[in-house]
Amino acid sequence: MEDTQSNIGIGFRILETNSHENALYLGHKLIGDKGALVLTEALKTNSTLTTLNLQNNSIGDNGGQALGEALKTNTTLATLDLQNNSIGDKGAQALSEALKTNSTLITLDLGENLIGHNGGQALSEALKTNLTLTTLNLQNNSIGDNGGQALGEALKTNSTLATLDLQNNSIGDKGAQALSEALKTNTTLATLDLQNNSIWYNGGQALSEALKTNSTLTTLNLQNNSIGDEGAQALSEALKTNSTLTTLNLQNNSIWFKGLLAFSEALKSYSTLATLDLRGYKMMDRVARALSDALKVNSPLITLDLRGNEIGDSGARALSEALKTNSTLTTLELQRNSIGSNGAQALSKALKTNSTLITLDLAYNSTGDKGAQALSKALKTNFAVTTLNLAGNSVRSSGAKALAKALKTNSALITLRSWNNSIWFKGLLESTGALKTNSTLTTLDLQNNSIGDIGAQALSKALKTNSTLTTLDLWGNFIGSNGAQALSEALQTNSTLASLYLQNNSIGDNGAQALSEALKTNSALTTLDLWGNSIGDNGARALAEALKTNSTLSTLYFQSNSIKCNGVQALAEALKTNSTLTTLNFWNNSIGDNGAQALAEALRTNTTLSILNLASNLIRGDGVLALSEALKTNWSLTTLELQNNSIGDNGSQSLYQVSQVTRCVIGH
């Protein structure tokens, strides 16, 4: 859709209405080159704007050229976001010319455009003389090796750029080699993102040579390249002398036995690396043992990510030995590693003496009840672990009971995730008993455990006395209306629970009505998720009555229920007086045009709702026209989702027109 005269209003808003504002967000406004031209005229004289966000529009080369002209004279703009437009080489060249003289721009985001190697070369020339730009984002373009080589030359003399994002740019070994040469002398670049390129072992070796002398780079992301064992071995050698790199991401790089062993050896002497990501390599036992040996003497590593490596019980045992003496590692990610009960038992023994590990992620292994029982024993004496993830581990009642007993005395654990297990009534009963006395746990995730209404009733009793839990996730637990009624009883007295997730629990209208009664007096709950619960108009009307008096709920999820026109009309009436709700999600109901018109009427007076999702709701032209009219005066709504409705050409046009005069991002 072409720009219309309404685009001119954007420029006038900068010059007049927003003459004292320093930030302007115009993303998702269907602005094309004509609209950009209007903006540039405003920027030439504006003296207050420091941030301009134009992401997700349709600005092409002509618009880029116009913005480049404006930057030559503008003296205040510090951040320009042009991500996800259609700017090609010509637009990039114009912006580059501006950067040669502009002395205020600090951040330029050109990610997800159409910039090729010519545009990359032009920007490189600008960087040779520009003295202010510190962040340049070129992700998801096509600058290739030629662009990478040009940027390498620029970095040899540039003294301000600190962050360069080149992910997904078809850069191969030649580009990586050129950037590596620059890193040998560059003294300012701290973050270099090269993920999703085509860098092989030659590029990896070149980067390794640079790291031996570079003294500023702290973060290097090489995820999804192919440096292989040779590249990994070279990087390992570099780490032995490099003294600044703190974060290294090597996920999915075709590194096998030799490369992983080399890294393990390097960690024994490397003194600065704090985060190492080695996901997805299917390590052999010997590699896990080598990493373990490194952890016994390594002092700076804080986060080690080994997800998806199939280290098994023997690998877990090796890492456990290291944890007994290691005093710095705080986060250990071991998801999907085929760790069974024996591996969990070994880790448990380590936790009895380890005093630094804070987060242990064992999701989707096979620890079972025996593993959970062993970890429970460790939790009785360990006072460091605050987050434990045992999701998808076949933990049943006996494992849950053991964990519950540990919670009665443990005073450190804050988050316990145990979704996709098989915790039945007996295990849950123990858990709820623990909640009555535990004074530290704030997040309990019991998704998909089939606790039923009896389990919900037990949790309800615990919540009446518990004073620390703030988040409870019961997604997919078949609690039904009886379970919802029990939880509602607890909510009438509980004063700490802030988020309750009840997605896919078949609570129906009766359950919704019970929760509504609780919301009339509850003053703690801020998020309520009722997605997929067979709630109809009666349940919606009851919740609407609660919203008229409730003063704390800010987020309400109603996706995939059976709410139609009457139910949404009641909720719309509530929105006219409610002053706390900021997010309302109605995705996949059947509110139709009448429901949309009712909500539109509410938006004319409501001043707090910022996100409204009405996708897949049988809304047609009349409903869209009403919403468009409401947005002309509503200034609080920032996001309106209308996808998968039949809005038609007139509806589309009305939404386009209103998008030019409101800050609301409209999806349709």
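**Exercise 1. Determine whether Cys565 is buried or exposed, and do likewise for Cys664.**

Step 1. Buried means under 20% relative accessible area, exposed over 50%, and partly exposed in between, with a 1.4 Å probe and protein chains only.
Step 2. Cys565 has a relative accessible area of 19%, so Cys565 is buried.
Step 3. Cys664 has a relative accessibility of 0% and therefore counts as buried.
Step 4. A search of the whole structure for disulfides (pairs of cysteine sulfur atoms within 2.5 Å) finds zero.

The model is predicted: local features need pLDDT of at least 70, side-chain atom pairs count only at pLDDT 80 or more, and totals for chains, interfaces and linings use all residues. Residues are numbered from 1 along each chain as its sequence is written, and side-chain values use heavy atoms, with hydrogens and water left out.

**Exercise 2. Describe the surroundings of Ser236.**

Step 1. Ser236 is found in helix α9, residues 228-239; helices (H or I, at least four residues) are DSSP runs numbered from the N terminus.
Step 2. The relative accessible area of Ser236 is 2%, so this residue is buried.
Step 3. Leaving aside residues up to four places away in sequence, Ser236 touches Gly259, Ala262, Phe263 and Ala266, where contact means heavy atoms within 4.5 Å.
Step 4. Leu278 lies 42 residues from Ser236 along the chain, and their C-alpha atoms are separated by 13 Å.

**Exercise 3. Find how the buried residues of α2 are arranged around its axis.**

Step 1. Helix α2 covers residues 33-45, and its buried residues include Gly35, Ala36, Leu39, Thr40, Ala42 and Leu43.
Step 2. Seen down the axis of α2, the buried residues fall within an arc of 165 degrees, so they line one face of the helix; the arc is that of the directions from the helix axis to the C-beta atoms.
Step 3. An α-helix has 3.6 residues a turn, so residues three or four places apart point the same way.
Step 4. Exposed Lys34 and Thr45 are carried on the face of α2 turned away from its buried side.

**Exercise 4. Characterise the largest cavity and its lining.**

Step 1. On a 1 Å grid over the protein atoms alone, a cavity is a set of points where a 1.4 Å probe fits but cannot get out; lining residues have an atom within 4 Å of a point.
Step 2. Grid points are joined across faces, edges and corners, and a volume is the space filled by probe spheres set on the points.
Step 3. The structure holds one cavity of 30 Å³ or more, and the largest cavity contains about 110 Å³ of space.
Step 4. Twelve residues line the largest cavity, and Ala400, Leu416, Ser431, Leu444 and Leu446 are the closest to its centre.
Step 5. Helix α15 gives the largest share of the lining, four residues.

Conventions:
On a 1 Å grid over the protein atoms alone, a cavity is a set of points where a 1.4 Å probe fits but cannot get out, and a pocket is an open set with protein on both sides within 12 Å along at least five of seven lines; lining residues have an atom within 4 Å of a point. Helices (H or I, at least four residues) and strands (E, at least two) are DSSP runs, numbered from the N terminus. Ala, Val, Leu, Ile, Met, Phe, Trp, Tyr, Cys and Pro count as nonpolar, Asp, Glu, Lys and Arg as charged, and the others, Gly among them, as polar.
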